Amino acid sequence: MKTLDDLDVAGKKVLLRSDLNVPLDGDRITDDGRIRASVPTINALLDKGARVIITAHLGRPKGEPDPKYSLAPVAKRLGELLDVPVTFASDTVGESAQAAVAAMTERSVVLLENVRFNAGETAKDDAARGAFAAQLAALADVFVSDGFGAVHRKHASVYDIAKLLPSAAGLLIQTEVAVLKKLTENVARPYAVVLGGSKVSDKLAVIENLLEKADRILVGGGMVFTFLKAQGYEVGRSLLEEDQIPTVRGYLQRAAERGVEFVLPIDIIAATEFSATAEHEVVSASEIPADRLGLDIGPESGKLFANKLSSAKTIFWNGPMGVFEMEPYAGGTRAVAQGLIDSEAFTVVGGGDSAAAVRQLGFDEAAFGHISTGGGASLEYLEGKTLPGLAVLEEGK
């Protein structure tokens, strides 16, 4: 895979695919982690004399412009983080984009509007994607892929574009891939994995793969109730995927056969409603009242999980332990984050909600080995899948 060192970009226009998919509250950015993660590659290109044209997505618009998914707030924040102004184009490949690119001078940056405002970006039809990629390619001389959070997508600005221009991986993708290799090749053991989030079905393939690789798997979040139900416990009104119970039972059996330790919560914070102000109490994980729903692992489970992490040499964490956005249900996620910090392991926070939780709960990002920008991409890599956006860079143009 070529890197920035392999490209001559002086005086050239570089189309940079970044991951700027940040959460917004109206036009206010609530977590700018992905924007900050994109800055080193942009600065490296500028230092090499490139004119940088950034393309990125935000949210899931339906292939046409939608003001609530505009990248305009991102352009403003990016301009604050860089030492150069950022020109914002109000379209992807139209008149505004073409005019902004034509006006570029040395060390200038243009951010194109949300690439998913064009239906060609996510089209299943190869020809439609290819046609849109050709329009993007016409704006630049070179392509640099740095949007790790999108490399598992076969999209025009991630995959097809790399077939049309000389291409290389940016600094963020290089870092992410190097970290994931440490989780899959010659792993320092014991290797502990913490999985959370809402649904078991989102994690099926990665659990399948980790049963062959991990020494210890800790499960929390909404997905844990399917595991508890599979053991015959009452889970009340908690989130439950009934259709996954047989699969989960199979995982627990295989883990026992392979000597992989499966760690489930021993207590749960159960509430009367999905609300920060609802009545809630700590109950046994095996006896959740029928009229309550679990919204976090309990305090004893937090201690148990931290203890299980203390002896690990490698830890991968993906998914919060509870509804961390509501303070009464943030304790489990806080305990796991602190457990990673207190361990002497190489620690990886697997993007998405886990990364957001680390920042929202006030932890120092530098206390973790690596905080990924791509939750879905990280999981698919650990599942052993081929990621189109990485594979096309390996092929090279």
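Me: What makes Lys-182 count as lying over the face of Phe-346?

Reply: In this predicted model, Lys-182 lies over the ring face of Phe-346 at 3.9 Å from the ring centre, and the cut-off for a charge over a ring asks for a distance within 6 Å, together with a position within 35 degrees of the ring normal.

Me: Why is the pair of Phe-227 and Phe-262 called tilted?

Reply: The ring centres of Phe-227 and Phe-262 are 5.5 Å apart and the planes stand at 35°; because planes under 30 degrees apart count as stacked and those over 60 as edge-to-face, with the rest as tilted, this pair is tilted. The pair links distant parts of the chain, with Phe-227 in helix α7 and Phe-262 in strand β11, 35 residues apart, and both residues are buried.

Me: Why is the pair of Phe-363 and Phe-368 called edge-to-face?

Reply: The centres of these two rings, Phe-363 and Phe-368, lie 6.4 Å apart with the planes at 75°, and since pairing asks for centres within 6.5 Å and edge-to-face for planes over 60 degrees apart, the pair is edge-to-face.

Me: How do you know whether Phe-363 and Phe-368 are buried or exposed?

Reply: Buried means under 20% relative accessible area, so Phe-363, at 14%, counts as buried, and Phe-368, at 6%, counts as buried too.

Me: What makes β5 and β8 stand at the edges of their sheet?

Reply: Six strands form an open, parallel sheet in the order β5-β6-β4-β1-β7-β8, and β5 (86-88) and β8 (167-169) each have a single partner strand, so one side of each is left without a neighbour in the sheet.

Notes:
Residues are numbered from 1 along each chain as its sequence is written. This is a predicted model: local features need pLDDT of at least 70, side-chain atom pairs count only at pLDDT 80 or more; totals for chains, interfaces and linings use all residues. Side-chain values use heavy atoms; hydrogens and water are left out. Two strands pair if DSSP finds at least two bridges between them. Helices (H or I, at least four residues) and strands (E, at least two) are DSSP runs, numbered from the N terminus. Rings of Phe, Tyr and Trp (its six-membered ring) pair if their centres lie within 6.5 Å; planes under 30 degrees apart count as stacked, over 60 as edge-to-face and the rest as tilted. Buried means under 20% relative accessible area, exposed over 50%, partly exposed in between (1.4 Å probe, protein chains only).
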